[in-house]
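Dear colleague,

I am passing a structure on to you, with some notes on what turned up when I went through it. Please read them with the coordinates open beside you.

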Amino acid sequence: INVESNVAWTVSCSETWVTSYTQSGENNGTIEVVMNANEDTENRVATFILTADDVTPVSVKLTQLASGAKYVKVTSAPADWSGTYLIVWGNEAHATVSGKDLAKTADVVIVDDAIVSNATVDAAAVTIAATSGSYYSLKLPNGKYLSLNTNANQVSAASSAFNLTFEYTANGVEISGKDTGGNTRYVLKNGTYYRGYKSIGSYVLPTLYKLTN
């Protein structure tokens, strides 16, 4: 915890899993905190109260990630995109990419580019699987597959696997496929939902978080 230096802080915390908290050095600007490992499946939060003479008390909250399975932000292109993912926009995990009839969302807490797995979050996850060559399918929570096979700026849920390509960029992941006219369409954020457009333009690319143990 970074604090005002040249002040002798007294620190208190009521959480039993926080084992120690001491000011590092003599009145410097760091409080060192030691915590037990979080073996639960949910994140947990500790509140620290810092007091000192002639200084307004300070309240600091620290979130500790659960040690179980997590969805970790994709920050580079993997050799194989297969796996279970969350498609994330802001503070929501989007399981599908268009239309309220398909949408499956979950409020999530993102800490250090990771989201803790739990029943609610897992229900919003999608499955990416290799199909042929460099292509992949994206299976939605409703059991159908993401499809861009339309000449409209829409995505749909297909009953069979639809070939998609995935490419990592610094701005997000480019998910693309061919429509009925042979045009490449990209899954992009526009307003409330993801849709399929012929060019990326000023639209927002999705961010993927992959399930890991």
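Two strands are taken here to pair if DSSP finds at least two bridges between them. The model is a predicted one, and in it strand 1 and strand 4 (residues 44–52) pair in the antiparallel sense over 3 bridges, with valine 11 standing opposite leucine 50 of strand 4. These strands belong to an open sheet of 3 strands, in the order 1-4-5, whose pairing is antiparallel. Strand 1 (10–12) and strand 5 (55–64) each have a single partner strand and stand at the edges, so one side of each is left without a neighbour in the sheet. From one strand to the next, the twist averages 25°.

Two residues elsewhere were looked at individually. Arginine 185, in strand 17 (residues 184–190), is buried, with a relative accessible area of 1%, where the cut-off for that label is under 20%. Its side chain makes a polar contact with the side chain of aspartate 179 at 2.6 Å, and the side chain of arginine 185 also reaches the backbone oxygen of asparagine 151 at 2.9 Å. Beyond its neighbours within four places in sequence, arginine 185 is in contact with residues including Leu148, Ile175 and Tyr197.

Isoleucine 128 lies in strand 11 (residues 126–130) and counts as buried at 2% relative accessibility. Leaving aside neighbours within four places in sequence, the contacts of isoleucine 128 include Trp81, Tyr85, Tyr136, Phe166 and Leu208. Valine 108 is 20 residues away from isoleucine 128 along the chain, and their C-alpha atoms are separated by 21 Å.

Note on methods. Residues numbered from 1 in each chain as written. Predicted model: local features only at pLDDT ≥ 70, side-chain atom pairs only at ≥ 80, totals over all residues. Heavy atoms only, no water. Helix = DSSP H or I, 4+ residues; strand = E, 2+ residues; numbered from the N terminus. Axes fitted to C-alpha atoms, helices over the stretch in contact; angles between N-to-C directions. Buried < 20%, exposed > 50% of the residue type's maximum accessible area, 1.4 Å probe, protein only. Contact = heavy atoms within 4.5 Å. Polar contact = N/O pair within 3.5 Å; in protein donor to acceptor, adjacent residues only side chain to side chain.
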